[in-house]
Amino acid sequence: MMGLGFWLEQNPYVLTADPSGSSTGSAVAVAANMAAVTLGTETDGSILSPSSVNGVVGIKPTVGLTSRAGVIPISHHQDTVGPICRTVTDAVYLLDEIVGYDPRDHRASKSAAPFIPKGGYKQFLKPDGLHGKRLGIIRGSDFSKSRGSIEAISFEKHLATLRQKGATLVANSSIDAIFNAGYGNDMQTILLYDFKQDLNIYLSELLESPVRTLADAIAFNNRHPEEEKIPEYGQVVFLVAQKGLNFNAEGYKKSLKNVYSITKNGIDKVLKDYKLDALVTLDDSIMGLLAIAGYPGITVPAGYNKSGVPFGLYFGGGRGSEATLVEISYAFEHATKIRKIPHV
């Protein structure tokens with residue numbers, strides 16, 4: 001789930017800039033050379049977003065490709081664990097170490113295991129990885145407003161680089177239109193419903209803890225408001241999830257059906273209709289679509305705005321398309337070499 005902006009960490013490129021979240025610490029630490037490699041968890045944007053604005057590479061894997069066992073859950077439909085590193089190579093080497101079946105995350109990891117290539121993902125680190133690829137361009141609804149900006153100029157320059165390196169770029173209004181899908185209420189219903197159920201399971205399996213349910217966690221916070229910073233941050237999400245306000249089992253099932261339909265008629269359809277290997281965009285709206293689908297995405301440093309804050313190019317694909325995304329993102333990184341070391 002996206003962080004709420006209550007940051008203790010600072011963006012190493014511009015200390016006053018929002019470092020995003022919620023895997024903020026991982027992105028900031030690796031960007032500032034405080035760690036060699038890091039891991040992040042994502043429900044909706046929490047790997048891709050902080051990676052982008054802190055000038056590093058983030059890989060959001062297909063849900064189930066990496067085990068979530070031991071990770072405090074939000075939603076088993078969307079939660080995933082992935083690398084945040086300075087380069088695509090580092091991220092892919094780390095990815096190879098964390099993918100695979102785990103009996104503690106049986107259903108998801110068993111379903112995703114067939115996507116893992118024999119020999120791992122390192123073999124797809126190819127400088128010519130863009131050759132022959134078909135990429136669907138998503139400029140986003142606000143692109144026309146940003147013409148002339150550093151971001152827009154950089155995007156067009158990067159599209160030219162992708163073409164030069166052998167990719168075929170496909171632009172069509174129906175590809176852009178996938179960003180128009182209204183899924184916000186359905187996602188919220190799914191996350192709140194899953195959060196209570198999944199957190200209760202997680203807490204019940206802890207070896208030692210006085211807190212065994214979401215209700216216990218709420219009560220604990222109420223008993224220790226100062227230590228848990230309840231006056232500053234509250235616990236609204238906990239309370240809404242626990243009480244089940246504005247949603248129930250029937251509404252939950254309806255929301256699951258809706259997001260499945262959005263994915264089928266959105267990302268799945270454009271990938272199939274235009275024979276695309278991946279989507280490419282600067283618009284972070286892609287994060288929500290990848291989140292509700294459980295699909296993979298990679299962000300690679302693409303430039304710095306007028307304030308010096310980094311921004312990344314996003315590549316997204318269908319379920320289990322990590323190998324293709326690695327080829328594309330590595331070739332892009334190899335051709336552009338955008339990332340600079342922050343002066344901190």
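Two residues are in contact when heavy atoms of each lie within 4.5 Å. Keep that cut-off in mind for the tour below. The model is predicted, so local features need pLDDT of at least 70, side-chain atom pairs count only at pLDDT 80 or more, and totals for chains, interfaces and linings use all residues. Residues are numbered from 1 along each chain as its sequence is written, and side-chain values use heavy atoms, with hydrogens and water left out.

Start with S23. Leaving aside neighbours within four places in sequence, S23 is in contact with G40, T41, S46, P50 and I84. S23 sits in the segment before helix 1, which spans residues 24-31. Helices (H or I, at least four residues) and strands (E, at least two) are DSSP runs, numbered from the N terminus. S23 is buried because its relative accessible area is 8%. Buried means under 20% relative accessible area, exposed means over 50%, and partly exposed lies in between (1.4 Å probe, protein chains only).

S22 also belongs to the segment before helix 1. Look at the bond that joins G21 and S22. This peptide bond is cis, with omega at about 15°.

Now move on to N33. This residue is found in the loop between helix 1 and strand 1 (38-42). N33 is not a glycine, yet its phi is positive, about 60°. N33 counts as partly exposed because its relative accessible area is 43%. K229 also has a positive phi, near 55°, and is a residue other than glycine. Find K229 in the loop between helix 8 (214-223) and helix 9 (230-233). At 40% relative accessibility, K229 is partly exposed.

Next comes S109, in helix 4 (residues 106-112). Is S109 buried or exposed? S109 is buried, because its relative accessibility is 0%. A polar atom of the S109 side chain lies 2.7 Å from the backbone oxygen of D105. A polar contact is a pair of N or O atoms within 3.5 Å; within protein, one must be able to donate a hydrogen and the other to accept it, and residues adjacent in sequence count only if both atoms are side-chain atoms. Beyond its neighbours within four places in sequence, S109 is in contact with G64, G100, Y101 and D102.

Turn to the nonpolar cores. A nonpolar core is a set of buried Ala, Val, Leu, Ile, Met, Phe, Trp, Tyr and Cys residues joined through side-chain atoms within 4.5 Å. The largest core has 37 residues, of which Y121, L135, L162, V280 and F315 touch the most other members. Elements that give two or more residues to this core include strand 2 (57-60), helix 3 (88-98), strand 4 (134-138) and helix 5 (150-164). Which element gives the most to this core? Helix 14 does, with 7 residues. Y121 has contacts beyond four places in sequence, among them L65, V92, L95, F115 and V326. Another core lies apart from the largest one; this other core has 28 residues, including V170, I267, V270 and I286.

L279 lies in strand 6. L279 is buried, because its relative accessibility is 1%. Not counting residues up to four places away in sequence, L279 touches residues including G136, I175, I267, V270, I286 and F315. A291 is 12 residues from L279 along the chain, and their C-alpha atoms are separated by 15 Å.

G303 is part of strand 7. G303 is buried, because its relative accessibility is 8%. Leaving aside neighbours within four places in sequence, G303 is in contact with V309, P310, F311 and I338. V237 and G303 are 66 residues apart in sequence, and 35 Å apart in space, C-alpha to C-alpha.

On a 1 Å grid over the protein atoms alone, a pocket is an open set of points with protein on both sides within 12 Å along at least five of seven lines, and lining residues have an atom within 4 Å of a point. The second largest pocket holds about 510 Å³ of space. Its lining has 23 residues, and E151, L282, D283, D284 and F311 are the closest to its centre. Helix 2 (48-53), helix 5 and strand 8 each give two or more residues to this lining. Strand 8 supplies the largest share, 4 residues. By class, the lining has 10 nonpolar, 8 polar and 5 charged residues. Here Ala, Val, Leu, Ile, Met, Phe, Trp, Tyr, Cys and Pro count as nonpolar, Asp, Glu, Lys and Arg as charged, and the others, Gly among them, as polar. For the volume, grid points are joined across faces, edges and corners, and the space counted is that filled by probe spheres set on the points.

Key
1 Å grid on protein atoms, 1.4 Å probe; cavity = no way out; pocket = protein on both sides within 12 Å on 5 of 7 lines; lining within 4 Å.
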